[in-house]
Amino acid sequence: MTYQRPNFRHPNLPVNELGYTRKDYEGALSTLCAGCGHDSISAAIVQACFEMSIEPHKVAKLSGIGCSSKTPTYFLGNSHGFNSVHGRMPSVATGANLANREMIYVGVSGDGDTASIGMGQFTHAVRRNLNMMYVVENNGCYGLTKGQDSATADVGSASKKGEPNPFEPIDLASVALQLGATFVARSFSGDRAQLVPLIKAAISHRGFAFIDVISPCVTFNNNPASTKGYEHVRDHLAATGTVDFVPVKQEITTSYPEGESQEVTLHDGSVVHLQKADPELDINSRRSALRLIKDYKAKDQILTGLLFMDEDSRDLHEIIGTSNKPLRSLNESDLCPGQKVLDNLNESLR
Amino acid sequence: MNRIQAVNDFVIKFANVNGTGSASANNMFAKALFRMGLPVSPKNIFPSNIQGLPTWFEVRVNEKGYLGRRGGVDIMVCVNPQSMAKDIREVEPGGYFLYDSSKPLDIRMVRSDINMIGVPLTDICTREYADPRQRQLFRNIIYVGALAALLDIEFDVLTGIVSDQFRGKEKLVVPNVHALELGYHYARENYECPIGIRVERRNEVGDKILIDGNTAASLGAIYGGATVAAWYPITPSTSVVDGFDKYCKRLRIDPGSGNKNYAIVQAEDELAAIGMVIGASWNGARAFTATSGPGISLMSEFLGLAYFAEIPTVLIDVQRAGPSTGMPTRTQQSDVLACAYASHGDTKQVLLFPSTPKECFDMTAEAFDLAETLQTPIIMLTDLDLGMNDNMSEPLTWEDGRQYKRGKVLNEEQLENMSERFGRYLDSDGDGIPYRTYPGTHPTKGAFFTRGTSRDEYAVYTEDGAEYEKNMQRLLKKWETAKDTVPAPEIIGTGNSVGVIHFGTSADSTMEAIDYLAEEGIKVDSLRLKAFPFNKAVDDFIASHDTVFVIEQNRDAQMKSLLVNECEVSPKDLISILNYDGMPITARKIHERIVAVVRGDNVTPLHKKAGNKE
């Protein structure tokens, strides 16, 4: 954990379009272990929001319980946060989103919080295509209770305790794909260059944007026998390609060789450009993504990067046809039909 | 043979097969009497099943306005051979048994002390209708027609109900009226009409309406400004959200865009349902869920979060018989303690106890004001009897121009003008209720972290015991504030030495029993609890009576426990009157027990007198 952060800021720190510096997107000091992957993810969220010039207070941060779920305290200090109960962040996020469709919802969860206790709620948030970014900080273990295996731990992977995990892992990206998630990506906390544009694309995506981020637990699961430690992940990493996120107001200046790239325009006009490392990947095909995840796994490789997105996705509000105005902004005159309606109703009940 | 003679005072029970459309015919019967100006209380006694099992429908008619369950059956209309043997035993001596005489009655069933009325329902249907579904549906209408003749029900009233019911589907009116006539004429031609029991028009219902409590609650949610409903289907609460859906489609569609000014989400389970309500309420919308016993167990963890993190939450619990799955289609008041102290750790939840559909409407709307004023969950405890049965009720009213009480919420301007640091859990006003902000209000001020973990007054995580204790003390102070914020009890009578405390659906039977006691010279004061926490009036009522009864519909005297716990009275000072067979409590039961205790005869008779069965 970091005990001190200097208050000093260089007077010429870069500002974004809103005039905010990066510092305006930071949160409280992290109390996680030094070297924890989760802190890198927090930093990536800060960088993405700063570079996208998002108004910090227009973001709501939600989480469940566990090390990962503590992290919303450590980024976007000017945003409201909600550290809910274990495994239940998706339902709280659903309610929050229903109340005000105009905000950006960032959910942070862990592999225990999502793949075990929260599996039910996770799958149903996916099904409803809730408009949010859902990040799983996946370290294959329960850090806050001292390193028990989680449901994403690979067969044979051993944590610090040394006992190999005998059970099949749940691959959350595959689960999300199968359940109809409209944006699925995987990344590694140690790969900021990949993670930041993925976060930007996920935030811009309308619908459920899922990012499974392998995020090593330095204290309990970073030993050589673990498949979620820094060393193993770095050695077995593969990527679907390089992702560029081009915001709506920015001109596309890079030229990409034909056939090896794919471009997706989001509903707000921003563009996600994927420079493909594997020509097999079709970013609009679930099947392709599911197959590639399996193929790479068979080669003992962890496939990262953007796996799938559906840019025509309709989110929960569009599916159920709610008001364009945030529901929470409606007042008595919008909501209360008045006595006359009751008079008629009473009459019909006599 | 003795024939029960009665005008406008009897109990009729229908024994049907579920899934055959009998409930709507039976409701038509009840409504006809209601439209003749007679107080009625219909009760549907149905199985947890969709088709083929016995189901009953009981209607008490009483021109004095007693609406509680009386016990005993004067007229049994039995169209279900499965339950006939049991049904026939239930009829009071001198009572009437109407049955389908298409086949001769098993001689072993015939009772010589009751009046048998055979109507060949199946034969008439076979003769009149070719379609099997029609035969089934019209059979029910035919016996309603027969009852019209037997009981002197105004035939025009019945045809009026048929016309109202099929407004927009006019071609169904004629066949239904024809079916009524078939039964009516058969009865006239074969029996002396009316029989000893009959009805006469009165003017005893005034401007009252017939509505079930769940529908009334759903309207309360609409009028109270709820925009988010998240739920998981469970009997007997399902019709709360069904009603919300139905009336929102009529009343909450934005005229310009056709979009919905509401959102309903059928959640994956009750945990998610309450989670959504909490998320929406946290973000400034009025949200609610409805559930029953098992749902309360599942929601308890989240209720603790909402209590501790101080998030307004509205929950309607339509109670059924527990524990576990219990008797899911029978009524009880057995979630009192589970709700009052829902969740682990030191938690106390605010409860509301409606007794009528009008109160279901009023209290649901008020629950949103209370939840936002007190920043805590509000659980309205109703039950299957009130929720799913049509109850006679005062009409629903709303004061136009009424503003919602949104509680202490700081807006952008207030935050902008604030010089001091915003403290989410700071007790600035001394009432234990802090100020909240909605997410997204101000760019740099008012953001905070909501959590179920301990925190200081500025919502910053802390494990400092003193800070934790200070916060828990403030929550107690808020609890004290709640005592005078929630609805006060209704007290009737004063100065007598005997008092009864009751709540919810025990009200009708309690007031009826009190009338009987008065006739016998036992004067009783009553207090109807409308909310928990109890305010001082409850302590005073207990202290000012020598003998205090607590009437409730559960085995373990849960309300008594709550009173003992919260009012610091001795358990010896409260005498329980309990009913937990899944049927609503009767006046007879309450009356019997109070008489026994007051007269010093505390012995339950070995054989109950005839006419006192339940």
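These are my notebook entries on a two-chain predicted model.

**Ground rules**

I number residues from 1 along each chain as its sequence is written, and chains are lettered from A and ligands numbered from 1 in the order in which they are written. For this predicted model, local features need pLDDT of at least 70, side-chain atom pairs count only at pLDDT 80 or more, and totals for chains, interfaces and linings use all residues.

**Entry 1: chain A overall**

I began with chain A. I found 12 helices and 13 strands. Helices (H or I, at least four residues) and strands (E, at least two) are DSSP runs, numbered from the N terminus.

I then looked up its dimensions. The C-alpha trace spans about 75 × 50 × 50 Å along its principal axes.

Of the 350 residues of chain A, 55% count as buried. I call a residue buried if 20 or more other C-beta atoms lie within 10 Å of its own, exposed if 12 or fewer, and partly exposed in between; the C-beta atoms are placed from the backbone.

I also checked contacts, meaning two residues whose C-beta atoms, placed from the backbone, lie within 7 Å. Among contacts in chain A between residues at least 6 apart in sequence, 71% join residues at least 24 apart.

**Entry 2: where A meets B**

I counted 48 residues of chain A in contact with 56 residues of chain B. On the chain A side, the elements that give two or more residues are strand 2 (80-83), helix 3 (89-99), helix 5 (119-127), helix 11 (332-335) and helix 12 (339-348). Helix 3 of chain A gives the most, with 8 residues.

I sorted that side of chain A by class and got 19 nonpolar, 22 polar and 7 charged residues. Here Ala, Val, Leu, Ile, Met, Phe, Trp, Tyr, Cys and Pro count as nonpolar, Asp, Glu, Lys and Arg as charged, and the others, Gly among them, as polar.

I next looked at strand pairing between the chains. Strand 2 of chain A pairs with strand 17 (residues 449-451) of chain B, in the parallel sense, over 3 bridges. Two strands pair if DSSP finds at least two bridges between them. A:Gly81 stands opposite B:Phe449.

**Entry 3: strand 13 of chain B**

I found 7 of the 7 residues of strand 13 of chain B buried, so the strand is largely enclosed by the rest of the structure. In a regular strand the side chains alternate between the two faces of the sheet. I checked both faces of strand 13 of chain B. B:Thr313, B:Leu315, B:Asp317 and B:Gln319 are buried on one side, and B:Val314, B:Ile316 and B:Val318 on the other.

I then traced its partners. Strand 12 (residues 287-291) of chain B runs parallel to strand 13 of chain B, with 4 bridges. B:Ala290 has B:Ile316 as its bridge partner. Strand 15 (residues 377-383) of chain B also runs parallel to strand 13 of chain B, with 7 bridges. There B:Leu315 is partnered with B:Ile379.

**Entry 4: helix 7 of chain B**

I found that 11 of the 11 residues of helix 7 (residues 213-223) of chain B are buried. Among them are B:Asn214, B:Leu219 and B:Tyr223. B:Gly225 follows the helix and has a positive phi, near 90°.

Most residues other than glycine have a negative phi, and most peptide bonds are trans. I listed the exceptions that I looked up.

- A cis peptide bond joins B:Thr235 and B:Pro236, with omega about 0°. B:Pro236 is in the loop between strand 10 (228-231) and helix 8 (238-251) of chain B.
- Another cis peptide bond joins B:Gly322 and B:Pro323, with omega about -5°.
- B:Ser343 is not a glycine, yet its phi is positive, about 95°. B:Ser343 counts as buried, with 21 C-beta neighbours inside 10 Å.
- B:Glu568 is not a glycine either, and its phi is about 55°. B:Glu568 is exposed, with 9 other C-beta atoms within 10 Å.

**Entry 5: the record**

An unreviewed entry places "domain: Thiamine pyrophosphate enzyme TPP-binding" over residues 65-213 of chain A. Such annotations may be inferred rather than shown by experiment. I computed 33% helix and 23% strand for that span.
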